[in-house]
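Work through the following exercises with the sequence and the coordinates open. Each task is followed by a solution in steps.

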Amino acid sequence: MPTLTASSEDVRVYEVAVLYPSVLHQKEEQQTLKEVETLFAEAGAKLMEKDAWSRRGLAYSIRGHKEGNFVMYYFEMDPAKLKEVDEALRIIPHILRHLIVKPPKGYQVIKFSAEYDQWLKTRETDAQKKDREKEEALQRQVADKAKRQARRATEKKKEIVEESSPIEEDKLTEELEKLISDDELDI
Amino acid sequence: MAKKSQQRRTDPRKKQCPFCEKEAKYIDWKDYPTLKPFIDYFGNIRQRYYTGVCLRHQKMLKTAVERSRFMGMLAYRK
């Protein structure tokens, strides 16, 4: 993250944000950006840093566009020429909005294009976490059901076994009684 | 008495300013993730009373939010 400081006392650092619609063709896009850059070059501005954001949704529709691209420029420029540049930026076609801000002293340029993506990723992970938790809960429920069913099945089997075993005992007792009652046996 | 103390809200004076904790000298209008929690559902800036932001940072927050509203990052009114 480079810090921005003016090279001399005659110039100041300005942050220029430009918003243009995302539906532009590549040629038009390049043209508009070139126009902006040439405008600043004519005003004797020195480009220090540039940060182009990817397509972003707008909070409200501007001239019928609901999505736009941002480009941030950091220029070193003579303050006297700021007004001309500001008015000229308004005239350039395909530019929805522009904003010129004087950043504070010792301002560190942060590439928000990358940070925003990271933030989105963290948000996605949060959503994924919720999904995961839901899925895990469902899986647990399914597993519990399966366990219960298995238990029931085993209990039924046990009951069957228990039912079957007394009969055998009865048979055994009968046989034993027969054996006992038999007079032919000599012990 | 015990019930009453449970129902009572936390003292707003005890809240710490989230920007003072980071020692923020400037609130960037491009930083959407940090601005977002200070905006309510309708797009208004949350009161200082509820967020605990100090006056110095609330003023900075106001300029930042207004700038990002102008550039279409935040809504004026939802």
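**Conventions**

This is a predicted model, in which local features need pLDDT of at least 70 and side-chain atom pairs count only at pLDDT 80 or more, while totals for chains, interfaces and linings use all residues. Residues are numbered from 1 along each chain as its sequence is written, and chains are lettered from A and ligands numbered from 1 in the order in which they are written.

**Exercise 1. State the confidence of the model by chain and by element.**

Step 1. Take pLDDT, the predictor's confidence in each residue, from 0 to 100. Chain A has a mean pLDDT of 83, and 95% of its residues reach 70 or more. For chain B the mean is 82, and 81% of the residues reach 70 or more.

Step 2. Go to the elements, where helices (H or I, at least four residues) and strands (E, at least two) are DSSP runs numbered from the N terminus. In chain A, confidence is lowest in strand 1 (residues 3–4), with a mean of 70, and highest in strand 6 (residues 97–101), with 89. In chain B, the lowest mean pLDDT, 54, belongs to helix 1 (residues 2–7), and the highest, 90, to helix 5.

Step 3. Where pLDDT is low, the predicted coordinates should not be read in detail.

Step 4. For the model as a whole, ipTM is 0.70 and pTM is 0.65.

**Exercise 2. Describe the fold of each chain.**

Step 1. Chain A contains three helices and seven strands, in the order β-β-α-β-β-β-α-β-β-α. Chain B has five helices and zero strands.

Step 2. Count burial: a residue is buried if 20 or more other C-beta atoms lie within 10 Å of its own, exposed if 12 or fewer, and partly exposed in between, with C-beta atoms placed from the backbone. Of the 187 residues in chain A, 14% are buried; of the 78 residues in chain B, 24% are buried.

Step 3. Count contacts, meaning residue pairs whose C-beta atoms, placed from the backbone, lie within 7 Å. Among contacts between residues at least 6 apart in sequence, 80% in chain A join residues at least 24 apart. The corresponding figure for chain B is 70%.

**Exercise 3. Which residues of helix 1 of chain A are buried, and which on its other side are exposed?**

Step 1. Helix 1 of chain A covers residues 26–42, and its 17 residues reach 24 Å from first C-alpha to last, close to the expected 24 Å. The expected span is 1.5 Å times one less than the number of residues.

Step 2. The buried residues of this helix are A:L33, A:V36 and A:F40. They lie on the same side of helix 1 of chain A because they cover an arc of only 55 degrees around the axis, the arc being that of the directions from the helix axis to the C-beta atoms.

Step 3. On the other side of the helix, A:K27, A:Q30, A:K34, A:T38 and A:E42 are exposed.

Step 4. The buried residues pack against strand 2 (12–21), strand 5 (65–77) and helix 2 (82–91) of chain A. After helix 1 of chain A comes A:G44, with a positive phi near 80 degrees.

**Exercise 4. Repeat the analysis for helix 5 of chain B.**

Step 1. The 16 residues of helix 5 of chain B should span 22 Å at 1.5 Å a residue, and the end C-alpha atoms are 23 Å apart, which agrees.

Step 2. Its buried residues are B:H57, B:M60, B:L61, B:A64, B:V65, B:S68 and B:R69. Their cover includes helix 2 (18–21) and helix 3 of chain B.

Step 3. Just after helix 5 of chain B, B:G72 takes a positive phi of about 80 degrees.

**Exercise 5. Locate the largest nonpolar core and the contact between the chains.**

Step 1. A nonpolar core is a set of buried Ala, Val, Leu, Ile, Met, Phe, Trp, Tyr and Cys residues joined through C-beta atoms within 7 Å. The largest has 32 residues, of which A:A17, A:V18, A:F75, B:L61 and B:A64 touch the most other members. Two or more residues each come from strand 2, helix 1 and strand 5 of chain A and from helix 5 of chain B.

Step 2. Leaving aside neighbours within four places in sequence, A:A17 is in contact with A:F70, A:M72, A:H98, A:L99 and B:M71.

Step 3. The contact between the chains takes 15 residues from chain A and 14 residues from chain B. Helix 3 (32–35) and helix 5 (55–70) of chain B each supply at least two residues of the chain B side.

Notes:
Contact = placed C-beta atoms within 7 Å.
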